[in-house]
Amino acid sequence: MWADGAAYEAYVGRWSRRVAAQFVGWLAVAPGRRWLDVGCGTGALTAQILATADPSEVIGVDASEGFLASARAQVEDRRVTFHQADARSLPVPDHHCDAIVSGLAINFVPEPERALAEFVRVAAGGAMVAAYVWDYAEGMAMMRYFWDAVAQLDPAAAELDEGPRFPLCRPDALRDLWIATSIAEVSVQAIEIPTLFDSFEDYWRPFLGGQGPGPAYTMSLSPEHREALRDLVRSRLPVGADGTVALSARAWAVRGIAGHA
């Protein structure tokens, strides 16, 4: 599912970059630190760290070589290296990093508690361990309009909806996961951004890119069913007089401090 960096950028990567800016500011990690970006994707969060956090090093890790190719093309900086690896088995020495972060990825990792254990393993004493995920259930309007239309036309597909599929994408679940991994001083914060689409086509086109559950479902449909879904979504979206579609997106961010005896 996760392979085409350009399609991902058009779908949610462009919005992730806006969340990343607020997220890095919220963490307030001191300059000169060593960062690890787990599930770095096409490099949205890595680029923000390099631009605003003044790190000494950033390691980007992702399971998708296609995404890493996009990240390498978009992020050129002597301080960053990218590696293909599983979040549950990080290619990083023990206690190496001062900030371990993940943007829009941890809910897609099987056994996220194992990934968090890896985050803690590679954390230096007092390191920041943090992540953000979309609020699929209520706060990600572009997906909510889509999946509500899918449920009406194809009730059997409701199980594909990211809202019920990813209970981790809720504040209490994130907090509980961090606390269960013996991370201290845990706090959760909502990050909200506007998602303004130039037109309905600007909204709909990314759903034809195949990257993510929604686009993958769309492309699995016959042309007739895809057109019916398109028309229903369009009839429900708040399209302005100028043709723009003004929505909003909310992410939940969690942070805490790892320590080692």
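Which residues are buried in helix H2 (residues 44-52)? I shall answer that in a moment, after a word on the model.

What we have here is a predicted model, in which local features need pLDDT of at least 70, side-chain atom pairs count only at pLDDT 80 or more, and totals for chains, interfaces and linings use all residues. Residues are numbered from 1 along each chain as its sequence is written, and side-chain values use heavy atoms, with hydrogens and water left out.

Now to the opening question. In helix H2, the buried residues are Ala 44, Leu 45, Thr 46, Gln 48, Ile 49 and Leu 50. Buried means under 20% relative accessible area, exposed means over 50%, and partly exposed lies in between, with a 1.4 Å probe and protein chains only. An α-helix has 3.6 residues a turn, so residues three or four places apart point the same way.

Let me turn to the whole chain. The protein chain contains 10 helices and seven strands; helices (H or I, at least four residues) and strands (E, at least two) are DSSP runs, numbered from the N terminus. Its radius of gyration is 18 Å, close to the 18 Å that the globule rule gives for 261 residues, so the chain is as compact as a globular protein of that length. That radius is taken over C-alpha atoms, and the rule is 2.2 Å times the number of residues to the power 0.38. Along its principal axes, the C-alpha trace spans about 60 × 35 × 30 Å. Of the 261 residues, 54% are buried.

Contact means heavy atoms within 4.5 Å. Among the contacts with a separation of 6 or more, 76% come from residues 24 or more positions apart.

In H4 (residues 112-122), the buried residues are Pro 112, Ala 115, Leu 116, Glu 118, Phe 119, Val 120 and Val 122. These buried residues pack against strands E1 (34-38), E4 (97-103) and E5 (123-134), and against helix H7 (171-180).

I come now to the aromatic residues. The structure holds 15 aromatic pairs. Rings of Phe, Tyr and Trp (its six-membered ring) pair if their centres lie within 6.5 Å; planes under 30 degrees apart count as stacked, over 60 as edge-to-face and the rest as tilted. The rings of Tyr 203 and Phe 207 have centres 5.3 Å apart and planes at 45°, so this pair is tilted. Both Tyr 203 and Phe 207 are buried. They belong to a cluster linked by ring pairs, whose members include Tyr 11, Trp 15, Phe 146 and Trp 147.

Two further members of that cluster are Phe 200 and Trp 204. Leaving aside residues up to four places away in sequence, Arg 230 touches Phe 200, Glu 201 and Trp 204. Arg 230 sits in helix H10 (residues 223-236) and, at 15% relative accessibility, counts as buried.

Finally, the backbone. Most residues other than glycine have a negative phi, and most peptide bonds are trans. Where does Glu 111 lie? Glu 111 is in the loop between E4 and H4; although not a glycine, Glu 111 has a positive phi of about 55°, and it is partly exposed at 36% relative accessibility. Ser 182, in the loop between H7 and strand E6 (184-197), also is not a glycine and has a positive phi of about 65°. Ser 182 is exposed, with a relative accessible area of 64%. To return to the helix with which I began, H2 is followed by Asp 54, whose phi is positive, near 50°.
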